Amino acid sequence: MARRSPTPDAAASASAAGLTPDSTPLMLVGGDDDLAIQQRSRATWDAWCRAAGGMDHEVIEASTSTVGDVLAVIARAKEALQTLPFFGGPKLVWLKDCTFMADDRAAASETVTSALSNWAAELKAFDWKGVRFLVSALKPDKRRAFFKLFEQRGVVEIHVGLSADDKEWAAKVTSEATRLLHAAGKAADYDVAEELAQRVGPNLRALANEVEKLLAYTHGRDPITTRDVEAVVARQKQAQAFGLGEMLGERNLARALRMLDDELWEIRARIDKRKSEVGLLYGLVSKVRSLIIARELLQAGLIKPAPSYPAFTDQLRRLPPDLLPADRQYNPLASPYPFYRATLQCRNYEPHELVRAMELLLDANRRLVGSEADEARILQELLVQIIGRPPGKPSRSPSP
């Protein structure tokens, strides 16, 4: 059944204030977190289908690589929106995994830009009565007229992916790992979720894949243990920088040196241009500073070792606000999760060892900046001097 001609009044009603995902005729789910986009758009579509009933709603795969592919998808979507269900009732259309809203080669062509602008103008005047249109798109370009249509007439949800620059990414990944394991009906200690986070890094899609592997490996038995995680989950590159500081905190010299080698290789291969030897050093400075503060607070009885991060945050809220530095760069509460880890690790070092570590870090900084010595050797020697124990000294964890 062909749809009647659009009316300006109907289009205007679609832009009424107070639209929600349950009431809007137009919804865009986008961002750079592809897993969150996939989950949210699927949940929205399923909810729309349950509410609408019927069986002839249309899902249009919109992952394209050429201009011709884009134009074909647009033509199919237009036809879908203009065709009512055979048995009447609401019509739903999902433009799934749309790639031509991003700033890529095909989307940047004048032909595609013009086609999307013309389509946006048509949809502004479209009669949305009984019709709902969902678009899921990775990294949509907010400057485009097609994107602005959803901002003006519907609902836009942008899901930002996790990044190593987010100091709380490990807490967020740990929380998601806990949710995934519990949703699968598996019993697992908090340590298991933490180990998953530290190995996977700030990547929720990779986390979901690794949890599936872990569930297959532990099929038929509970609980899952950290040994299970170590057996099947490889440490991802995105977790390396975090892992270097963790291995210093754990006082594990062998693994710290291996991680340092990986980091230095990436720097020299220019895989991530933001990384540098000095940046690695500053990450270690931040770690040792947190270990010192954590040990002092534990010895003063102001905080106590906590079995999990959620339990630890309750203690932080009770600390006097003027107890720690106002400067966020030096205040561990600006990054609560790394500080939580420091409270578990600071007992691996005597107080004088942590003070000496800061002196060694200062000296290494001077050598990195003011000499022509080999950066790799400076950092390797630094880790050996900080983490290594004097000959004959056993490993122990003194009480705070």
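Let's start with Glu 122, which counts as partly exposed because its relative accessibility is 41%. Keep in mind that this is a predicted model. Glu 122 pairs up with Lys 78 in a salt bridge, and their closest N and O atoms are 3.5 Å apart. Lys 78 sits in helix H3 (residues 67–82) and Glu 122 in helix H5 (residues 110–124), so this pair ties together parts that lie 44 residues apart in sequence. Lys 78 is partly exposed too, at 28% relative accessibility.

The structure holds 24 salt bridges. Here are some of them:

| Salt bridge | N to O distance |
|---|---|
| Lys 78 and Glu 122 | 3.5 Å |
| Arg 42 and Asp 46 | 3.3 Å |
| Glu 195 and Arg 199 | 2.7 Å |

Now for helix H2: Arg 42 and Asp 46 are 4 residues apart there, so about one helical turn separates them. Asp 46 is partly exposed at 30% relative accessibility, and Arg 42 is partly exposed at 35%.

Over in helix H8 (residues 190–200), Glu 195 and Arg 199 are also 4 residues apart, or about one helical turn. Are these two buried or exposed? Both Glu 195 and Arg 199 are buried. Elsewhere, salt bridges with shared partners link Glu 194, Glu 246, Glu 250, Lys 287 and Arg 341 into one network.

Back to H2 (residues 34–52): its axis comes within 7 Å of the axis of H9 (residues 204–217), and the two cross at roughly 75 degrees. That makes H2 and H9 roughly perpendicular to each other. The contact residues are 3 nonpolar, 1 polar and 2 charged.

Technical notes:
Residues numbered from 1 in each chain as written. Predicted model: local features only at pLDDT ≥ 70, side-chain atom pairs only at ≥ 80, totals over all residues. Heavy atoms only, no water. Axes fitted to C-alpha atoms, helices over the stretch in contact; angles between N-to-C directions. Parallel < 35°, antiparallel > 145°, perpendicular 65-115°, else oblique. Nonpolar A, V, L, I, M, F, W, Y, C, P; charged D, E, K, R; others polar. Salt bridge = Lys/Arg side-chain N within 4 Å of Asp/Glu carboxyl O. Buried < 20%, exposed > 50% of the residue type's maximum accessible area, 1.4 Å probe, protein only.
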